[in-house]
Amino acid sequence: AKSFLCGKELVSLKKECESMLEVATKYKQESHKPLMLPTYQAILNLLGQSDHSLHKVEEMLTSMQTGPWFFNRFLVAYVYCNYDDAAHMLAKKREAEKELVRKFTAFSTIDFWEGLVFFAMAKKTKEKKWIHYIQESLSNVRNQAQISPAHFRHRLLLFEAETANITGDVEKAAEKYELAVNAFDEYGYTNEQAIAYERAGDFFVSQYDKRAPQYYGKAQALYIQWGAQGKADHLGSSIPF
């Protein structure tokens with residue numbers, strides 16, 4: 001799961017998952033499979049080798065819908081811009097973990113991924129309730145960036161760009177998106193880097209800015225580099241020009 005979140009190339013990860021699942025089957029370690037299958041299914045979705053609904057895994061894991069399970073679902077939904085589904089799965093994750101002392105933190109990236117969903121829903125619905133969630137995620141990422149700038153500053157810059165975007169500060173948003181993608185180029189994982197470029201593309205196309213194609217083009221190239229051919233194809237078919 002950590003390699004998946006760190007942007008390791010997906011074809012290699014798929015082979016690793018299949019090898020581990022084969023070993024689990026061979027040695028009758030059935031209890032290990034539910035831990036691996038959500039990540040495996042998410043990888044297939046991003047490769048474009050499975051539908052986006054994760055039904056296959058859901059059928060296998062009806063009794064084990066835990067935080068990591070819902071996390072993988074909302075991550076894939078977000079990447080494919082299915083923001084309503086992403087928000088629904090995020091709410092399910094929080095509900096499943098409500099009584100737990102230790103929650104799934106996605107190796108310290110949970111605030112980043114949740115925040116991306118909150119920003120997307122705020123832009124889509126214009127509902128004020130998302131602002132509260134954004135402030136929570138933004139505060140957490142800001143604190144993380146103060147402690148470890150190399151690991152979190154690029155994420156904070158993207159959040160600042162998204163904040164300026166939803167508040168209508170066009171000049172600041174443009175500046176922050178450019179700072180963010182440059183920081184992701186230096187410090188970010190390939191998967192997060194691709195998302196930063198796509199969000200910048202979304203912003204610039206909304207402003208009829210001629211820079212939009214270069215950001216979308218870079219995002220698509222990064223998705224291909226990551227191995228997410230399904231997402232790269234999805235982006236290519238949805239770019240509004």
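Visitor: How do α2 and α3 run relative to each other?

Guide: In this predicted model, α2 and α3 are roughly antiparallel to each other. The axes of helix α2 (residues 10-26) and helix α3 (residues 33-47) cross at roughly 150°, and an angle over 145 degrees counts as roughly antiparallel.

Visitor: Within what distance do the axes of α2 and α3 come? And is the crossing left-handed or right-handed?

Guide: The axes come within 10 Å. The crossing of α2 and α3 is left-handed.

Visitor: Which residues of α2 and α3 meet?

Guide: On the α2 side the residues include Leu10, Val11, Leu13, Cys17, Met20 and Leu21. On the α3 side they include Met36, Leu37, Tyr40, Ile43 and Leu47. By class, this contact of α2 with α3 holds 14 nonpolar, 1 polar and 3 charged residues.

Visitor: What about α5 and α7, at what angle do they cross?

Guide: At roughly 50°, with axes that come within 11 Å. That angle makes α5 oblique to α7. The crossing of α5 and α7 is left-handed.

Visitor: Which residues in α5 and α7 meet?

Guide: Phe71, Phe74, Leu75, Tyr78 and Val79 belong to α5, and they meet Ile110, Trp113, Glu114, Leu116, Val117 and Ala120 of α7. The contact of α5 with α7 has 10 nonpolar residues, no polar ones and 1 charged.

Visitor: Why give an angle and a distance for packed helices?

Guide: The angle between the axes and the distance between them are how two packed helices are described.

Visitor: Changing topic. How many salt bridges does the count come to?

Guide: The count comes to 16 salt bridges. One of them joins Asp84 and Lys124, with the closest N and O atoms 2.5 Å apart.

Visitor: Where in the chain are Asp84 and Lys124?

Guide: They sit in distant parts of the chain, 40 residues apart. Asp84 is in helix α6 (residues 83-96), and Lys124 is in helix α7 (residues 110-125).

Visitor: What does Lys129 form a salt bridge with?

Guide: With Glu127, where the closest N and O atoms are 3.9 Å apart. Lys129 counts as partly exposed at 48% relative accessibility, and Glu127 counts as partly exposed at 38%.

Visitor: And Glu198, what does its side chain meet in a salt bridge?

Guide: The side chain of Arg199, at 3.5 Å from N to O. Glu198 is buried, with 2% relative accessibility. Arg199 is buried as well, with a relative accessible area of 2%. Salt bridges with shared partners link Glu198, Arg199, Asp202 and Lys231 into one network.

Visitor: Lys231, where is that?

Guide: In helix α13 (residues 229-238), where Gly230, Lys231, Ala232 and Leu235 are buried. Among the elements that cover the buried residues of α13 are α3, α5 (67-79), α11 and α12 (212-226).

Visitor: Which helix is Asn191 found in, and is Asn191 buried or exposed?

Guide: Asn191 is in helix α11 (residues 190-206). Asn191 is buried, at a relative accessible area of 2%. Apart from neighbours within four places in sequence, Asn191 contacts Phe4, Leu5, Cys6, Gly7, Trp113 and Trp226.

Visitor: And Glu97, buried or exposed?

Guide: Glu97 is buried, at 3% relative accessibility. Glu97 has its place in the loop between α6 and α7. Setting aside neighbours within four places in sequence, Glu97 is in contact with Gly67, Lys103 and Phe104.

Visitor: What phi does Phe107 have?

Guide: Phe107 has a positive phi of about 55°, although it is not a glycine. Most residues other than glycine have a negative phi. Phe107 lies in the loop between α6 and α7 and is partly exposed, with a relative accessible area of 42%.

Visitor: And Tyr208, what is its phi?

Guide: Tyr208 has a positive phi of about 55° and is not a glycine. Tyr208 is in the loop between α11 and α12. At 77% relative accessibility, Tyr208 counts as exposed.

Key:
Residues are numbered from 1 along each chain as its sequence is written. This is a predicted model: local features need pLDDT of at least 70, side-chain atom pairs count only at pLDDT 80 or more; totals for chains, interfaces and linings use all residues. Side-chain values use heavy atoms; hydrogens and water are left out. Axes are lines fitted to C-alpha atoms, for helices over the stretch in contact, and angles run from 0 to 180 degrees between N-to-C directions. Helices (H or I, at least four residues) and strands (E, at least two) are DSSP runs, numbered from the N terminus. Angles under 35 degrees count as roughly parallel, over 145 as roughly antiparallel, 65 to 115 as roughly perpendicular and the rest as oblique. A crossing is left-handed if the near helix is turned anticlockwise from the far one by less than a right angle, and right-handed if clockwise. Contact means heavy atoms within 4.5 Å. Ala, Val, Leu, Ile, Met, Phe, Trp, Tyr, Cys and Pro count as nonpolar, Asp, Glu, Lys and Arg as charged, and the others, Gly among them, as polar. A salt bridge is a side-chain nitrogen of Lys or Arg within 4 Å of a carboxyl oxygen of Asp or Glu. Buried means under 20% relative accessible area, exposed over 50%, partly exposed in between (1.4 Å probe, protein chains only).
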